[in-house]
Amino acid sequence: MKYDIMSSVETGRLLLRSMRLEDAKAIHAYQSLPEIAQYQYWEPRSLEEVEAKVAEWAEMRRLDGEGTLAFAVETRADRKLIGDVSLRVTSVEARQGTFGFSLHPACQGRGYATEACRVLLKIGFEDLKLHRIFACCDARNTASWRVMERLGMRREAHFKEHALFKGGWDEEFYYAILEDEWRRQAAGS
């Protein structure tokens with residue numbers, strides 16, 4: 001399972017590319033917001049924290065086995081960074097992976113997350129030969145689980161009060177899609 005982010009991946013409206021250190025300011029613009037951090041395992045991040053994270057993500061451009069690929073998401077029209085997405089191989093032996101995404105609130109509700117995550121599914125199933133890709137989110141994060149449903153993923157689990165999260169019991173939804181399900185879906189579109 002090898003992959004290199006050698007060049008950008010284009011969709012109709014987006015460009016997914018490897019992270020660069022100079023992306024920190026644009027990423028800080030949304031990762032510093034409480035509404036973005038509320039469903040994350042971190043609190044709103046300072047610029048210094050984002051700079052450290054982006055330095056890590058900038059190294060996540062090559063995969064050889066288990067690990068993570070991190071992508072900056074830009075709009076093609078104006079090359080403005082609007083978010084980030086990642087694809088992680090969790091098990092080479094079982095050919096399993098997961099993905100995550102985060103967009104600036106000003107860019108949410110336009111289908112960008114769905115469009116970017118379709119690229120991750122394609123890379124996961126076509127390039128990395130994964131068998132199953134899953135994702136999870138806080139059950140209150142309606143926008144996130146709706147993205148997963150638009151991607152053709154099915155809800156596999158609803159964990160109630162399974163962990164203390166930011167001072168209270170959380171609930172999580174787990175979604176997944178198998179390679180053959182994704183191929184059937186891709187062939188129909």
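Helix 4 (residues 112-127) and helix 6 (residues 179-188) cross at roughly 120 degrees, their axes coming within 11 Å. Axes here are lines fitted to C-alpha atoms, for helices over the stretch in contact, and angles run from 0 to 180 degrees between N-to-C directions. Helices (H or I, at least four residues) and strands (E, at least two) are DSSP runs, numbered from the N terminus. This is a predicted model: local features need pLDDT of at least 70, side-chain atom pairs count only at pLDDT 80 or more, and totals for chains, interfaces and linings use all residues. Residues are numbered from 1 along each chain as its sequence is written, and side-chain values use heavy atoms, with hydrogens and water left out.

**Helix 4 against helix 6**

- The two helices are therefore oblique to each other (angles under 35 degrees count as roughly parallel, over 145 as roughly antiparallel, 65 to 115 as roughly perpendicular and the rest as oblique).
- Helix 4 passes helix 6 in a left-handed crossing (left-handed if the near helix is turned anticlockwise from the far one by less than a right angle, right-handed if clockwise).
- Helix 4 brings Arg 118, Leu 121, Lys 122, Phe 125 and Glu 126 to the contact, and helix 6 brings Glu 179, Trp 182, Arg 183 and Gln 185 (contact means heavy atoms within 4.5 Å).
- These residues divide into three nonpolar, one polar and five charged (Ala, Val, Leu, Ile, Met, Phe, Trp, Tyr, Cys and Pro count as nonpolar, Asp, Glu, Lys and Arg as charged, and the others, Gly among them, as polar).

**Helix 1 against helix 3**

- Helix 1 (residues 24-31) packs on helix 3 (residues 47-58) at about 120 degrees, with the axes 9 Å apart.
- That angle makes helix 1 oblique to helix 3.
- Here the crossing is right-handed.
- Ala 24, Lys 25, Ile 27, His 28 and Gln 31 of helix 1 meet Leu 47, Val 50, Glu 51, Val 54 and Trp 57 of helix 3.
- This contact counts six nonpolar, two polar and two charged residues.

- Eight strands form an open sheet in the order 2-3-5-6-7-8-10-9, with mixed pairing (two strands pair if DSSP finds at least two bridges between them).
- Strand 2 (9-10) and strand 9 (154-165) are the edges; each has a single partner strand, so one side of each lacks a neighbour in the sheet.
- Strand 8 (residues 132-138) pairs antiparallel with strand 10 (residues 168-178) over seven bridges.
- Across that pairing, Phe 134 stands opposite Ala 176, and Arg 132 has Leu 178 as its bridge partner.
- Strand 9 and strand 10 run antiparallel, joined by nine bridges.
- Arg 154 also stands opposite Ala 176 of strand 10.
- The hairpin of strand 9 and strand 10 has two residues between the strands, and Lys 166 takes a positive phi near 50 degrees there.

- Helix 4 touches strand 2, strand 3 (14-18), strand 5 (67-75), strand 6 (81-91), strand 7 (96-103), strand 8 and strand 10; its direction makes about 160 degrees with that of strand 7.
- Helix 5 (residues 142-150) lies across strand 7, strand 8, strand 9 and strand 10, at about 160 degrees to strand 8.

**Salt bridges**

- The count is 17 salt bridges (a side-chain nitrogen of Lys or Arg within 4 Å of a carboxyl oxygen of Asp or Glu).
- One of them joins Glu 115 to Arg 13, with the closest N and O atoms 2.7 Å apart.
- This pair links distant parts of the chain, 102 residues apart: Glu 115 sits in helix 4, Arg 13 in the loop between strand 2 and strand 3.
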